Number of protein chains: 2
Amino acid sequence: MIAFTRGVPDPAAFPLEELSLCVQEAMTHDHDAILPYAGSRGFPLLREWVAETNGGSLDQVLISHGALQILDFIVTAYAPNGATVLVEQPSYDRAVTVFRRAGCKVVGVPMEADGINLEALEELGRRTNPVLFYVIPDFQNPSGATLTLSKRQALAAWAVEHGCLLVEDIPYRRLRYQGEDLPTLRSLAPEQTIQLSSFSKLLSPGLRVGTAFGPLLQINRLAKVAEDTYITPSLLSQALVYRFLAHGWLDHQVQRLQELYGPRLEAMLAVLQEEMSDLADWVHPQGGFFVGLTLRNEIRADDLLAKGKEVGLILSDGRGFYADGAGDRFVRLPFCALSPDEIRSGIQSLAEIVRGLAQGGTP
Amino acid sequence: MIAFTRGVPDPAAFPLEELSLCVQEAMTHDHDAILPYAGSRGFPLLREWVAETNGGSLDQVLISHGALQILDFIVTAYAPNGATVLVEQPSYDRAVTVFRRAGCKVVGVPMEADGINLEALEELGRRTNPVLFYVIPDFQNPSGATLTLSKRQALAAWAVEHGCLLVEDIPYRRLRYQGEDLPTLRSLAPEQTIQLSSFSKLLSPGLRVGTAFGPLLQINRLAKVAEDTYITPSLLSQALVYRFLAHGWLDHQVQRLQELYGPRLEAMLAVLQEEMSDLADWVHPQGGFFVGLTLRNEIRADDLLAKGKEVGLILSDGRGFYADGAGDRFVRLPFCALSPDEIRSGIQSLAEIVRGLAQGGTP
C-alpha cells in the first residue's frame with residue numbers, strides 16, 4: 001500500500017536523541033515556567049527566539065498547538081460568521097475546513113505556476129470584499145508553486161490598498177532544496193500580515209508547536225482568544241523546542257531534512273516525467289512536501305479514489321483543496337515520507353489508473 | 001499582596017521529581033506514538049486508563065489541552081450560534097465566556113446550598129429549551145456547593161425527559177477533604193452526559209491535560225471537531241501523565257493534596273466565621289478550591305475591586321460568574337495556593353473593606 005494522502009514527515013527524520021536530551025533539560029531548567037498556569041501566548045523563551053529571528057518584540061509572538069489552531073483563533077477574531085475570506089485555489093484543505101466551519105464564505109483565487117492570478121485577485125477582491133487572504137507563498141500546499149517576487153510585491157500592495165489582512169503560512173519555508181529565498185509577505189506588508197509557522201515539519205508534528213508573528217495589535221487580540229479557549233497552551237513541548245534551538249541544532253537538522261527530502265522530490269519529478277507527461281501538468285517545486293498534478297482528461301475524483309483503493313494506492317480527494325468544489329482533476333502528491341522506490345511504484349500505478357479512466361471516457 | 005482571584009494549585013504541590021522521571025520514560029517508551037501526527041483523541045494509553053477507570057471503551061475518551069478546550073469543542077458541535085445553554089448561577093466564569101463567544105444565550109439556574117433550585121430548572125427548561133446544561137456537581141466553582149444525591153437524581157431525570165445534554169465538569173472531585181463521594185451525573189444519566197475532568201488540579205495545570213468521557217456518538221463528534229482544530233493534540237504531556245498513573249502514584253499525590261489543602265479550607269472557614277459572619281453568607285464546602293461569599297449589604301463590585309486593590313487585595317469580579325450580569329455581591333475565595341496566615345490576613349482586609357462600604361451605604 002502506498003499513501004499519497006497527508007503531508008507527513010518521515011519519522012526517520014525526528015532527531016530523537018536530541019529531543020530526549022532537550023526534554024530533560026526543559027524539566028530541569030524550566031519547570032517553574034511550564035508547570036503552573038501561565039499567560040496564553042506560550043513559553044517566553046521560545047517566543048523570544050521567534051521574536052529575535054523575525055526582528056520583532058516578545059508580544060508580537062503567540063505559540064499554540066500547531067499553526068492550524070492559530071488559524072482558528074484568527075477566524076474567531078477577524079472573520080465572523082458570514083465573512084468572506086480568500087484562499088489560493090487550490091489551497092490547504094484543512095484551512096478551508098476551518099473557515100467553512102466558522103460559517104465563512106470561502107473564495108478561491110486561481111493559482112498559476114508562479115502563484116495567484118493577479119487579475120482574478122483584483123476582480124474577486126472588488127466583488128467580495130474579503131476580510132483576510134490565507135496564502136502559502138513558499139512551495140504551496142498543495143500545488144508546490146512558489147509566489148514570485150513581483151507577485152509578492154503586488155499582493156502586499158493590494159492588501160494594504162484594500163485593508164485586507166494577509167495570513168501568510170510558511171511551514172515549509174526552510175525546506176528549500178534549490179534556488180534562493182524570496183522575501184516574506186510579512187516583510188513586504190508588516191502592518192498587514194500575520195505570519196504562521198511551525199516546527200511540525202522541522203522537528204516533529206506530535207509536539208504541536210506552531211507560531212504566529214504579527215503586528216502587536218493583532219497578536220494581542222489572538223492572545224485573548226487563546227486565553228478564552230485554553231487559558232495556557234501546553235508548555236512542555238514548547239520548552240523542549242526552545243532547548244533544541246538554544247543548542248544551535250536547527251541548521252543541522254534542516255540540512256539533514258534537505259538531504260533526505262531533496263532526492264525524493266527529484267525522484268518524484270523524474271518518474272512523473274517518464275510516466276505522466278502526456279496525462280497531467282504540474283509545477284516543479286523548489287522545496288516543501290508536495291507536487292500537485294492537474295490531470296488533462298476529465299475524470300471524476302470518486303472514480304480515481306476508488307480505482308486507487310483497489311490497487312492499494314491511497315489518494316487525497318482533490319475537491320477538498322478547491323474552495324469552489326472543483327478539483328476532480330487535481331491530485332496532491334506528498335513525497336517526503338516515501339522512499340524513491342515507493343514513489344516510483346506509486347506513480348506507475350497512478351499513471352495506469354489515469355490512463356484507464358481516460359480511455360474509459362468517464363465524462 | 002494577596003490574590004483571591006484564580007483557582008490555581010500551590011506550586012509546592014507539583015510532584016516535580018516524579019514528573020521529571022516520567023517525561024524521560026515517555027520519550028524513551030512512547031516516542032513512536034507521540035512524535036508523529038496521530039489521531040485527534042489523544043494519547044492511546046492515557047485514553048485507555050480513563051476508559052478503564054470509568055468502565056467504558058477507548059473511543060469514549062477524548063483528551064485535549066485542558067477541559068475548557070473540550071467545552072469549546074462541545075459548543076462547536078452542539079450549541080450553534082444563538083442556542084440556549086444553561087449554567088448554574090453562579091458558575092465558572094471561563095465557561096460562561098466560552099458560551100458567550102460562540103453566540104449562545106446563557107441562562108443561569110440559581111444555586112442554593114445543596115445545588116441548583118429544581119423549580120427554577122423546570123421553569124427555565126420549559127421556557128428556554130436549552131441544548132445543554134453545564135454543571136459542576138462537586139465543590140462547585142465558584143460557590144463551593146455540592147449537589148445532593150436527590151438533586152442529582154432529579155437533574156438526571158430532567159435531562160433525559162427534556163433530551164438535554166449534561167456537561168458534567170469534575171476537576172475537583174478527587175479533592176474531597178471530608179464526607180463521602182456521591183454518584184456522578186454520568187453514572188445516573190450515562191447516555192445523556194459528557195463528563196469533563198482534568199489533571200490540572202491533581203498534577204500540574206501547565207501540562208494542559210483535560211479529559212472527556214461520554215457516549216460514543218458524542219465523543220466521535222468531538223473528535224471530528226478536534227481534528228478540524230489541531231489535527232492531533234500535544235501528546236508529550238499526555239504520555240507523561242500516563243506514565244505517572246502507570247506507576248500507581250496518583251492516590252499518594254491526591255492524599256498529599258488533601259493534607260495540604262484541607263487545613264487551608266478549615267483556616268478559611270474559621271476566619272470567615274470570626275470576621276464576616278455578620279457580613280456575608282457562604283456554603284461550607286467539603287472539598288475543592290473555593291468558598292463563595294454572598295455579601296448581605298448591597299455593594300457595587302467596582303467599588304469592592306477598587307478598594308481591595310488599594311490595600312493589595314486582588315479579587316475576582318463577582319459579575320463574571322453570573323450569567324445574568326448580577327453578582328455584585330458575590331466574592332469567590334480560592335484558598336489552595338495561600339498559607340493559613342495569608343488567608344487570615346486576606347479575610348481580615350476583606351471584612352474591613354466590606355464593613356466600610358456597607359457603612360458608606362453605597363446603594
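Domain bounds come from an automatic or database domain assignment. For chain A this assignment gives domain 1 (2-11 + 252-360) and domain 2 (14-246). The model is predicted, so that local features need pLDDT of at least 70 and side-chain atom pairs count only at pLDDT 80 or more, whereas totals for chains, interfaces and linings use all residues. Residues are numbered from 1 along each chain as its sequence is written, and chains are lettered from A and ligands numbered from 1 in the order in which they are written.

**The two domains of chain A**

The C-alpha centres of domain 1 and domain 2 of chain A lie 25 Å apart. The contact between them takes 27 residues from domain 1 of chain A and 31 residues from domain 2 of chain A, where two residues are in contact if their C-beta atoms, placed from the backbone, lie within 7 Å. On the side of domain 1 of chain A that touches domain 2 of chain A, two or more residues each come from helix H10 (250-276), strand S11 (290-295) and strand S13 (330-334) of chain A; helices (H or I, at least four residues) and strands (E, at least two) are DSSP runs, numbered from the N terminus. H10(A) gives the most to this side, with seven residues.

Strands S10, S11 and S13 of chain A form an open antiparallel sheet in the order S10-S11-S13, two strands being paired if DSSP finds at least two bridges between them. S10(A) and S11(A) are joined by three bridges, and Ala280(A) stands opposite Leu295(A) in S11(A). H10(A) lies across S10, S11 and S13 of chain A and runs at about 15° to S11(A); axes are lines fitted to C-alpha atoms, for helices over the stretch in contact, and angles run from 0 to 180 degrees between N-to-C directions.

**The sheet of chain B**

In chain B, eight strands form an open sheet of mixed pairing, in the order S2-S9-S8-S7-S6-S3-S4-S5. Strand S2 (61-64) and strand S5 (115-116) of chain B stand at the edges with a single partner strand each, so one side of each is left without a neighbour in the sheet. Helix H2 (residues 44-54) of chain B packs on the sheet, touching S2 and S9 of chain B, and its direction makes about 130° with that of S2(B).

| Strand pair | Sense | Bridges | Residue pair |
|---|---|---|---|
| S2(B) and S9(B) | antiparallel | four | Ser64(B) and Gly210(B) |
| S3(B) and S6(B) | parallel | three | Val85(B) and Leu132(B) |
| S6(B) and S7(B) | parallel | four | Phe133(B) and Leu166(B) |

In a regular strand the side chains alternate between the two faces of the sheet. From strand S6 (residues 132-135) of chain B, Leu132(B) and Tyr134(B) point one way and Phe133(B) and Val135(B) the other way, and all are buried; a residue is buried if 20 or more other C-beta atoms lie within 10 Å of its own, with C-beta atoms placed from the backbone.

**The contact between the chains**

In the contact between the chains, 39 residues of chain A meet 40 residues of chain B. H1(A) gives the most to the side of chain A that touches chain B, with eight residues. A rotation of 180° with 0.0 Å of shift along its axis superposes chain A on chain B (RMSD 0.0 Å), which is the relation of a two-fold axis. Copies are superposed by least squares on the C-alpha atoms of residues with pLDDT of at least 70 in both. The same surface serves both copies, as 100% of the contact residues of chain A recur in chain B.

Definitions and conventions: Buried ≥ 20, exposed ≤ 12 C-beta atoms within 10 Å, placed from the backbone.
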